[in-house]
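Hi,

Here is the structure I promised to pass on. Have a look at it first, then read my notes below.

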Amino acid sequence: MKKLLLLGDEAIAQGGLDAGISGIYAYPGTPSTEIMEYVQGSSEAAERNIQREWSANEKTALEASLGLAYTGKRAMVCMKHVGLNVAADPFMNSALTGVNGGLVIVVADDPSMHSSQNEQDSRYYGKFALIPVLEPSNQQEAYDMTYAGFDLSEKYKIPVMLRITTRLSHSRAGIKTKEKKREKKLVLPEDPGQFILLPTFARIRYKGLLALQPNLRKEAEESPFNVYFDGKDRSFGIIACGIAYNYVMENYPDRIIPYPLLKISQYPFPVEMIRKITETCTAVLVLEDGYPFLEEMLIGLQKKGIPVKGRLDGTIPRDGELNPNIVSDALGIGYEKGKPVPGLVTNRPPALCKGCSHADLFTALNETLRKYKPGRVFSDIGCYTLGALPPFNSINTCVDMGASVTMAIGAADAGLIPSIAVIGDSTFTHSGMTGLLDAVNKNSPVTIIISDNSTTGMTGGQKSSATGRLESICTGIGVNPAHVRVLNPLRKEHETNVAIIKEEIEYRGVSVVIAQRECIQTAARRKRKAKQK
Amino acid sequence: MKKDIILAGVGGQGILTIAASIGLAALEENLELKQAEVHGMSQRGGAVQSHLRISDKDIASDLIPLGKADLVLSVEPLESLRYLPYLCPDGWLVTNSTPFVNIPDYPEMEDIRREIQKIQHHLIVDADRISKDIGSTRSSNIVMLGAASSFIGLETSLFEAGIDRIFRGKGEAVVRMNIRAFQAGREYVEMKLSGKSKSYNNSAG
């Protein structure tokens, strides 16, 4: 059979399709977006008519996937690492309810923050929730682990997390696929109390989850994804988690490794395997992409074991993703760089596209705010966050999805008036609407500017939840219709737009300005498609 | 057989299309392949790169180690210099000559050219002119693929099969145009190398 050339993300999607999922849920977020996009583009998914619509946010996505798994069918939900913060409530509790059909929760971490606000390591969440975590080292394992993850989930009736990092999400390789499984039939849970987390039930469920732990550890000890390779030179042992394994291999072109090596790709930690390597070797190097999760546990507070090298003793940088060179240094092999980058090579940071509606909005906003001191524009996550950089320097915050609205409220509470939020349409429906309700309830003197390009732009132009309905949503939440203003962010409308923003900033109550013009990228794509037809 | 290639450019210039063409060519030959891309924020007009590795043996890392790239193929001259630490001592740097100026402090083109000329094996290709000459201004990235193809070590027919698979959905005319762009790039470099076998340092274009 010919191999498929797939991104790590796409391999996960194909693994889910072949394992017989009946639905996939997600909100776009780099580096996880391509999982859902692959399913949306799949003719097989269309024929089977599996659920593949974007959700409003990661919390709604995870809850819907849990609902699907409640019915005995197989469900997948995908998000970036910070998306799991949004979905943390149902995530933690899904470990207690457990599932009926298989549920694989895919979380894509972004060490080095290529496209994120932090580099949190989702394996902690897996341990926190007491569920198994699978961490593939390559694209084939990404496929195989997704496929196997559903069986593991159904065997113990709990959700399984699949953790990947950016490098694997966005790297392609050839994939061998497995036999396609049929979708499961709709069968409701045997125990009618399973999903009712009233304290009396929840205590029982929690004891059950705790009782499972030895079995889950045994699964990890016996997992084909965790492998112990012996080595002759026992002065040193290597533990490589997930993709770190590849970087070790890269440094031994003949693939003969002199030291004992433990590859870890399934959690909870295979404790016996780890003890074996620490008892065999006189020192150990821990390689993990993300936080020093295992390393810290291995050292412990008592510091009684063998020396542990890794991110905490400076063998490896404390932050940022691993690469073959960092690992090469840690292994004491070293490498020779090519020529240095010439001094004239300047940075080329990302920028708003030519003709972008956000740019015209920022130009108008800057002019409106010229008479005030800077520091009063709270913003959010999206392409428009680039408004923080020159030439605009328009925004002063970017924290998490929806925080523009609520931080503006808090600042206004402190007396910073006017206080302005700039948020995109998709971010607004993800997590901005509830903040707007807070503002309405106390008639906060804030101006919420929704820069509505009618798409989820930064992640590549996915459907935005409420395109065309923002005005009615805002008035529905309770904003006075006289203060829900729509403007067209175009250079030729500049004077009008400045006047509208000025009026609303001077109004001492909640106002919403919707700056509505389609994303230049999606508009161009739409026109090209129309032309082809 | 083993080739490690860094593809460089600015978000939106089509380096992923080049990567996919090489990738599909390698698959035709049943070679192992890994190709790491940049998605997300940097795609908005920022510096982007792709690590492409092909081999007849298994490939471990998705990233090419520093000093190990056989080829830096860039569709923009300034970007070609950003990845020099990856280039191995006898590796090739092949770049388009047309600057993409979207930053205020873009260096002088003459200075960039001088830096490129310090690399022992380099080729500067006026891919924009070549693509204009053949009447397909949007194919300069495929001209660059053609220009670099002789350093990749795969048969021309394999690249053409890859290009065919990528552009097939856009119609026969688009496929033909891109194959022509590929050939024009390849012919240009072959001529350049055979004509001046000892003076690669003379920049073309």
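A:K463 and A:E53 join their side chains in a salt bridge, 3.6 Å from N to O (a side-chain nitrogen of Lys or Arg within 4 Å of a carboxyl oxygen of Asp or Glu). Keep in mind that this is a predicted model, where local features need pLDDT of at least 70 and side-chain atom pairs count only at pLDDT 80 or more, while totals for chains, interfaces and linings use all residues. Residues are numbered from 1 along each chain as its sequence is written, chains are lettered from A and ligands numbered from 1 in the order in which they are written, and side-chain values use heavy atoms, with hydrogens and water left out.

Between domain 1 and domain 3 of chain A, the rule finds 1 salt bridge. The bounds are 4–222 for domain 1 and 357–524 for domain 3, taken from an automatic or database domain assignment. Their C-alpha centres are 34 Å apart, and each domain gives 14 residues to the contact (heavy atoms within 4.5 Å). Together these two domains of chain A bury about 970 Å², meaning the accessible area (1.4 Å probe) that two parts lose on being put together, summed over both.

Now for the two chains. About 4100 Å² is buried between chain A and chain B, with 56% from carbon and sulfur atoms. Chain A puts 49 residues into this contact and chain B 50. The rule finds 6 salt bridges across the interface of chain A and chain B. B:E37 and A:R172 also meet through their side chains in a salt bridge, at 2.8 Å from N to O.

Cheers
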